[in-house]
Amino acid sequence: MERAVAYLRVSTQRQQRSGLGIEAQRATIGRFAEAEGLTIVAEFIEAESGKGADALDRRPQLAAALAAAKSAKCSVLVSKLDRLSRDVAFVAGLMSQRVPFIVAELGRDADPFMLHLYAALAEKERRLISERTKAALAAKKAGGARLGNPSNIVQAGELGRSVQTAAADEF
């Protein structure tokens, strides 16, 4: 039976706490693996945005999944392409690392050309989501609504400073 390393990602800690996104991905990967005769040899889970050129540096579980797949000489399996990234250059960079990956949603026969096309569509989708969100917030603000949560401004500032300080210390 062929082996694969599973990689699951949500974008925020809040999504990770709910567990719904991870469980949905796990179910998709499980069904796909069973149908395709794959054995999942390891699973890596992450709560981190896939956005940005430094995404791989900020995603240690993805790096670990790639390393595990490389050493086991198997593929990385994700439920949807956007769980890897919505950035064409990032997806192309992953492909150049010579660790094959399988996208359950697209099937095993999705070749690099198809993956590039789907990555370009996912990148466009990310831009459209951002534009819709910005437009909705602008409309809400124009309607007189106050944005943000002023009730926790002090705590949010303290938390942000502590995270930045910890990151600077680690660096």
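The predicted model contains an open sheet of four strands, arranged in the order β2-β1-β3-β4 with parallel pairing. Strands here are DSSP runs of E with at least two residues, helices are runs of H or I with at least four residues, and both are numbered from the N terminus. Two strands count as paired if DSSP finds at least two bridges between them. At the edges stand β2 and β4, each with a single partner strand, so one side of each has no neighbour in the sheet. Ignoring direction, neighbouring strands are turned by 30° against each other on average; the axes behind this angle are lines fitted to C-alpha atoms (for helices, over the stretch in contact), and angles between N-to-C directions run from 0 to 180 degrees.

Residues are numbered from 1 along each chain as its sequence is written, and side-chain values use heavy atoms, with hydrogens and water left out.

Strand β1 pairs with β2 (residues 38–47) in the parallel sense over nine bridges, and with β3, again in the parallel sense, over three bridges. Residue A6 illustrates both pairings: its bridge partner in β2 is E43, and in β3 it stands opposite L77. Seven of the nine residues of β1 are buried, where buried means under 20% relative accessible area, exposed over 50%, and partly exposed in between (1.4 Å probe, protein chains only).

The largest nonpolar core has 24 residues, of which Y7, V76, L81, L84, F101 and L115 touch the most other members. Such a core is a set of buried Ala, Val, Leu, Ile, Met, Phe, Trp, Tyr and Cys residues joined through side-chain atoms within 4.5 Å. At least two residues each come from β1 (2–10), α3 (60–72), β3 (75–78), α4 (88–96), β4 (101–103) and α5 (112–142). Helix α3 gives the largest share, five residues. Leaving aside residues up to four places away in sequence, L84 touches Y7, R9, R59, L62, V78, F90, L94 and F101, with contact meaning heavy atoms within 4.5 Å. Another core, of 13 residues, lies apart from it and includes A4, L8, L77 and I102.

A67 lies in helix α3 and is partly exposed, at 47% relative accessibility. Its C-alpha atom is separated by 8.6 Å from that of V99, 32 residues apart along the chain. In the loop between α3 and β3, K73 has a positive phi of about 55° although it is not a glycine. Most residues other than glycine have a negative phi. K73 is exposed, with a relative accessible area of 75%.

E105 sits in the loop between β4 and α5. Not counting residues up to four places away in sequence, E105 touches S79 and K80.

Definitions and conventions
This is a predicted model: local features need pLDDT of at least 70, side-chain atom pairs count only at pLDDT 80 or more; totals for chains, interfaces and linings use all residues.
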